[in-house]
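Please keep the sequence and the 3D view at hand while reading.

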Protein chains: 2
Amino acid sequence: MSSAEPRTAGPDHLWSVDEHLEDVLTTVRPLEPIELQLLDAQGCVLVDDVTVPVFLPPFDNSSMDGYAVRVADVSGASEEFPAVLDVVGDVAAGSAGLLRVGPGQAARIMTGAPLPPGAETVVPVEWTDGGLGDGPVSGMRARGLAPEGAGGQVRVYRPAGARAHVRAKGSDVKAGDRALEAGTVLGPPQIALLAAIGRGTVRVRPRPRVVVLSTGSELVQPDEQLGDGQIYDSNSFALTAAARDAGAIAYRVGAVADDVDTLRSTIEDQLVRADLLVTTGGVSVGAYDVVKEALSHVGDEDEPGGGMEFRRLAMQPGKPQGFGSVGPDHIPLLALPGNPVSAYVSFELFVRPVIRTLMGLQDVHRPTVRATLAADGALSSPKGRRQFLRGSYADGEVRPIGGAGSHLVAALAQADALIVVPEDAESVEPGAEVEVVLLG
Amino acid sequence: MSSAEPRTAGPDHLWSVDEHLEDVLTTVRPLEPIELQLLDAQGCVLVDDVTVPVFLPPFDNSSMDGYAVRVADVSGASEEFPAVLDVVGDVAAGSAGLLRVGPGQAARIMTGAPLPPGAETVVPVEWTDGGLGDGPVSGMRARGLAPEGAGGQVRVYRPAGARAHVRAKGSDVKAGDRALEAGTVLGPPQIALLAAIGRGTVRVRPRPRVVVLSTGSELVQPDEQLGDGQIYDSNSFALTAAARDAGAIAYRVGAVADDVDTLRSTIEDQLVRADLLVTTGGVSVGAYDVVKEALSHVGDEDEPGGGMEFRRLAMQPGKPQGFGSVGPDHIPLLALPGNPVSAYVSFELFVRPVIRTLMGLQDVHRPTVRATLAADGALSSPKGRRQFLRGSYADGEVRPIGGAGSHLVAALAQADALIVVPEDAESVEPGAEVEVVLLG
């Protein structure tokens, strides 16, 4: 985490969503690159341009199972007047010591095998008698069943031009070509290319390790018995899943009681495995909001970039938010509100882009579209706050799901979009065009 | 794998892409459900409807940090004439033994804490003096700093109607409601809901374990030295990555030499950890095509559903394909051709849908769109075969990338779509509308 410009806004400043997001994203920096095994780098961002060290294919090779021959020996060949050639042996894929094909000779050749010296072209086995003397065949007999296939004579029934069915050395890529650009996200085809040019490891920005913990003395682990005044912890599960969905390696710490010392020591313990910490709860104006109380004392706040700031955002849900860094390495920490819907919406808007920034991705935000509001009545929204309502989007229309309450997690589970009601709108009529964040 | 109807098409039958796909997909069955921890079930398909066992929230609770009071005690309160109430203590989230709020009394209450007996409504702390006697406050002082805040008197400056800032028991979901339908894919919001209703585990279809192995004596592991006639193994990397991308737990076995006994014993060894096997190479008409040779002898082919069939498909790339099952448990096996582009395209068209079918997903195919062909010249395509060309898609237009050669892995790494040229077309002009498979 870099030492960003000092945040000068006072404690009474009401931050807009965009101000907060900009502050967060200009502060976090992509993780330092590391060298990873190819398959461990899947989904990661390439740091350097990759140049091809070899020709691909590395040698002229056959694109068919057939016979490697000289052009002159098969010119004019037909079913009526086949060319009859002496078979000098097999060239299998991976063959090293190559046969030489002289005039009047043929080498049986397999797909991918190097074109042997002396041969100028390949005739597919379907254009020959396969050495059996009974007219055109549909394939070769397996070597195990017919080792004699590699000798004797073959009848060729059609001519072939020079270098027919031959894949030329370097026809895919040439040594010195740029295979992939820095910034490329490594999916299966990019991994295919890296392997094909002999790269077993690659330098990428790693997936961030994200530690998720929820706070609240009322929280009980699922499958345990609820006591009076208790609820199940859902945030640590939801946000761990959401962090994985965003590309992170996520660790769920689970619920920590509202006790400053416990919270502080839990966070200090987690710093060793965290590139990012996410907490839920304890950030509002109550007397038991221990995240606020605890986090200004974690690590060395004299170092630049250290320290946490707690803010009010012009946003619903998600008004109280904390952001800063903790520990000697200034690990970024986002302290989200504790209501499940507030926590989830805050994660989508702020934490997901942080994770993707840490990964070095260019495109860190969820896609947004304009859509027509399909609703039974007008949506109301608090003036001066940007509201994010849960919705269901399809075919250019979005329909609100559930109400505005930040505890309505059942409705959240049916939603696939957030409907954005801007700060200056107090109501939105059905049929109006609205901005929609697609969550899928 | 079920015992599907016998495949009656003879060895000379040229299968269409659709016939082969239908044969494959009607043969494989979704995996048997298992009970998984919530976070291990991410991305999996729920097998049963989930009914809510508790009310959510389980009790009336405060949506604000403030004071729980009786309505009559604060009616008519104003800044000039505040209601002055005796603070009988704190109700924190997670509180069990509750204070009782009598006439003229208030309990300091935190967000999420249960509404104590006797209290009828909540006034936010910002509508009070917070017990400090100095006019409206912006929040409570942390309990650690000001334990006296839980006692003394509080001045309330605004009235509150009955049950203001109270989230009613069951207002999110009620016991007996259906939380999630069978067939739902579990993303972060669904995991949030399951945790919130106390479900620590859930019955889903697991991610399939897919074993990927490439065959070919010419294949060398990346980072090793290439000898004459050798190339790097890319298929095992590409298809392992693609299997993970499709949702599977994938194991890369790597390259196996073209030797029947080695291949057979490798496959037999892998059966214990495989719900699906994928091989590349060795399925064509050559004499060294050992996959074909080896696979009819793996396991017990007398059992129904056992055995492999090798076919020619009316398709480019990807003409030779093998499909069937191996071993005593009839583990499905797809034997793909060995050229990297053929293998990748075959994976996208056939293996990805199999993986998603094993997961129990409804939507097993990549999305397709219609697009306008943007190209410098006409595309040519072999008559009678469905061609899949690599392309780049944006804004309703698709542009071919690289040529038709099945070894052009560099071009594949730049593509994000497959352009489909149907069987009856021998050429497609620029500006024509084509079907496009989106790979992203």
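Predicted model: local features only at pLDDT ≥ 70, side-chain atom pairs only at ≥ 80, totals over all residues.

Residues are numbered from 1 along each chain as its sequence is written, chains are lettered from A in the order in which they are written, and side-chain values use heavy atoms, with hydrogens and water left out.

**The interface of chains A and B**

- The size of an interface is often given as the accessible area lost when the parts come together.
- Chain B and chain A bury about 6500 Å² between them, and 63% of this lies on carbon and sulfur atoms; buried area is the accessible area (1.4 Å probe) that two parts lose on being put together, summed over both.
- The elements of chain B that give two or more residues to the side touching chain A are β12 (178–180), α3 (188–196), β16 (231–232), α4 (235–246) and α8 (409–412). Helices (H or I, at least four residues) and strands (E, at least two) are DSSP runs, numbered from the N terminus.
- The largest share of that side, eight residues, comes from α3(B).
- In chain B, 85 residues are in contact (heavy atoms within 4.5 Å) with 86 residues of chain A.
- Between chain B and chain A, 27 residue pairs are in polar contact, both residues being at pLDDT 80 or more. A polar contact is a pair of N or O atoms within 3.5 Å; within protein, one must be able to donate a hydrogen and the other to accept it, and residues adjacent in sequence count only if both atoms are side-chain atoms.

**Salt bridges**

- Side chains of opposite charge can pair when their charged atoms come close.
- The structure holds 32 salt bridges over all chains, each being a side-chain nitrogen of Lys or Arg within 4 Å of a carboxyl oxygen of Asp or Glu. Across the interface of chain B and chain A, however, the rule finds zero salt bridges.
- R178(A) and D49(A) form a salt bridge, with their closest N and O atoms 3.6 Å apart. R178(A) is in strand β12 of chain A and D49(A) in the loop between β3 and β4, 129 residues apart.
- D49(A) is partly exposed at 41% relative accessible area; buried means under 20%, exposed over 50%, and partly exposed in between (1.4 Å probe, protein chains only).
- E433(A), which is exposed at 53%, forms a salt bridge with R370(A) at 2.8 Å.
- D245(A), E348(A), R352(A) and R366(A) are linked in a network of salt bridges.

**Helix α1 of chain B**

- In this helix (residues 17–27), V17(B), H20(B), L21(B), D23(B), V24(B) and T27(B) are buried. Seen down the helix axis, the buried residues fall within an arc of 160°, so they line one face of the helix; the arc is that of the directions from the helix axis to the C-beta atoms.
- D18(B) is partly exposed at 43% and meets R386(B) in a salt bridge (2.8 Å, N to O).
- D18(B) lies in α1 and R386(B) in strand β25 of chain B, so the pair ties together parts that are 368 residues apart in sequence.

**A buried serine in a loop**

- S381(B) is placed in the loop between β24 and β25 of chain B, and with 8% relative accessibility S381(B) counts as buried.
- The side chain of S381(B) makes a polar contact with the side chain of Q387(B) at 3.2 Å.
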